[in-house]
Amino acid sequence: MDTEHSTNPFAAGAAYVDGRITPIAKAKIPVTDWGYRRSDVTYDVVGVYHGAFFRLDDHLARFRASMGKMRLEPGESDADIARILTGLVRRSGLREAYVAMDCLRGRPAPGLPYHPAYGRAYLVCYAVPWVWLFTPEQQARGVHAIVAKTPRIAPESVDPTAKNFHWGDLTRANFEAHDAGAETAILTDGNGLITEGPGFNAFAIIDGTVVSPHQGALEGITRKTVIELCGLLDIPCEVRPLTVEAFEDADEIFLSTTAGGIMPVSRLGGRILGNDRPGPISARLRETFWARRAEGWHATPIDYDASVEPALA
Ligand SMILES: Cc1ncc(COP(=O)(O)O)c(C=O)c1O
């Protein structure tokens, strides 16, 4: 097996760049493209676990909606993208993978107006080994977080429901957390309401109800899954405004993302929640999430033995 892996040029990951397949280390984009220079790009990330995509159709639908909001129109259809992603994972042979799809704008060709309307959009997709936003050990003892002083950029300026690379605020907040000895940060909207953090949605459990902010955040696919799980487990769940005060006083806090699932928080700033371990409802949701995933919930299995699409050769 090891020999087979070491001879596979795609074992470390496979990429599709504007119609061409390459090993991940060789994937390149022009540095002059506006996807890079101006964050004129949108993206999505779907997970592969036990050889199957999780909620692939939801990720494709959100990616298409994000592209529409950012006026990026690649030539590929959703069915093409599904084939491309499947082909990349198949080539890599990875059973647990982080699978990204990006749509970038190029730069207007010489002679055309220097305006985004004249830049062609193209796709960059890749599959690499699974990434944990927080390690399983951090998740088991609970993540250490702060509420950042840096507010989330206004949604009127950068729409957080279109997944984007405008990470300036998220990165700055993450450094605030690091400087405070914490592992991550949750950002407010600057007006006393909780939004989200660098790569995840936020939840508070208040008097037995799971609460997630109603705006100012990405409509996470894992968040959608949390809402479904609450329904299945008869746990009250509400999407509504969540104040910083209510968040800081919550009985439990957890975060959700593709690259980690449901991730309990055990410290928020100076406060130790519960007994410095994940709270019972967060732990139950996390366990149920992974148990359902192992049963193939919302899964699209990948046939690793099928030959790779000739169109992608
Ligand atoms: C800013 C932000 N919010 C929320 C999320 C969680 O979304 P999902 O559960 O779809 O991965 C992400 C994921 O990368 C993110 O970048």
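## Ser256 and Thr257 in strand E13

Ser256 belongs to strand E13, which covers residues 252-257, where helices (H or I, at least four residues) and strands (E, at least two) are DSSP runs numbered from the N terminus. The model is a predicted one, in which local features need pLDDT of at least 70 and side-chain atom pairs count only at pLDDT 80 or more, while totals for chains, interfaces and linings use all residues. Residues are numbered from 1 along each chain as its sequence is written, and side-chain values use heavy atoms, with hydrogens and water left out.

With a relative accessible area of 1%, Ser256 is buried; the term buried stands for under 20% relative accessible area, exposed for over 50%, and partly exposed for what lies in between (1.4 Å probe, protein chains only). Not counting residues up to four places away in sequence, Ser256 touches several residues, including Gly199, Phe200, Thr222 and Met263, a contact being heavy atoms within 4.5 Å.

Thr257 is also found in strand E13, and at 11% relative accessibility Thr257 counts as buried. Leaving aside neighbours within four places in sequence, Thr257 is in contact with Leu133, Gly199, Phe200, Thr222 and Met263. Thr257 and Asn201 are 56 residues apart in sequence, yet their C-alpha atoms are 6.7 Å apart in space.

The protein chain is divided into domain 1 (2-131) and domain 2 (136-294), with bounds that come from an automatic or database domain assignment. Taken over C-alpha atoms, the centres of domain 1 and domain 2 are separated by 27 Å, and the contact takes 22 residues from domain 1 and 22 residues from domain 2. The two domains bury about 2,000 Å² between them, 61% of it on carbon and sulfur atoms; buried area here is the accessible area (1.4 Å probe) that two parts lose on being put together, summed over both.

Between domain 1 and domain 2 there are 2 salt bridges, a salt bridge being a side-chain nitrogen of Lys or Arg within 4 Å of a carboxyl oxygen of Asp or Glu. On the side of domain 1 that touches domain 2, strand E3 (41-49), helix H3 (56-69) and strand E5 (97-105) each supply at least two residues, and E3 gives the most, with 8 residues.

## Salt bridges across the structure

A search of the whole structure finds 13 salt bridges. One of them joins Arg105 and Asp40, whose closest N and O atoms are 2.5 Å apart; because Arg105 lies in strand E5 and Asp40 in the loop between helix H2 (34-37) and E3, the pair ties together parts that are 65 residues apart in sequence. Arg105 counts as buried at 7% relative accessibility, and Asp40 counts as buried at 12%.

The side chains of Glu228 and Arg55 meet in a salt bridge with an N to O distance of 2.7 Å, and Arg55, Asp58, Lys224 and Glu228 are linked in a network of salt bridges. In the salt bridge of Asp276 with Arg267, the N to O distance is 2.6 Å; Asp276 is buried, with a relative accessible area of 16%, whereas Arg267 is partly exposed, with 30%.

## Positive phi values in two loops

Asp18, in the loop between strand E1 (14-17) and strand E2 (20-23), has a phi near 50°, a positive value in a residue other than glycine. His298, in the loop between helix H9 (280-294) and strand E16 (299-301), has a positive phi near 55°.
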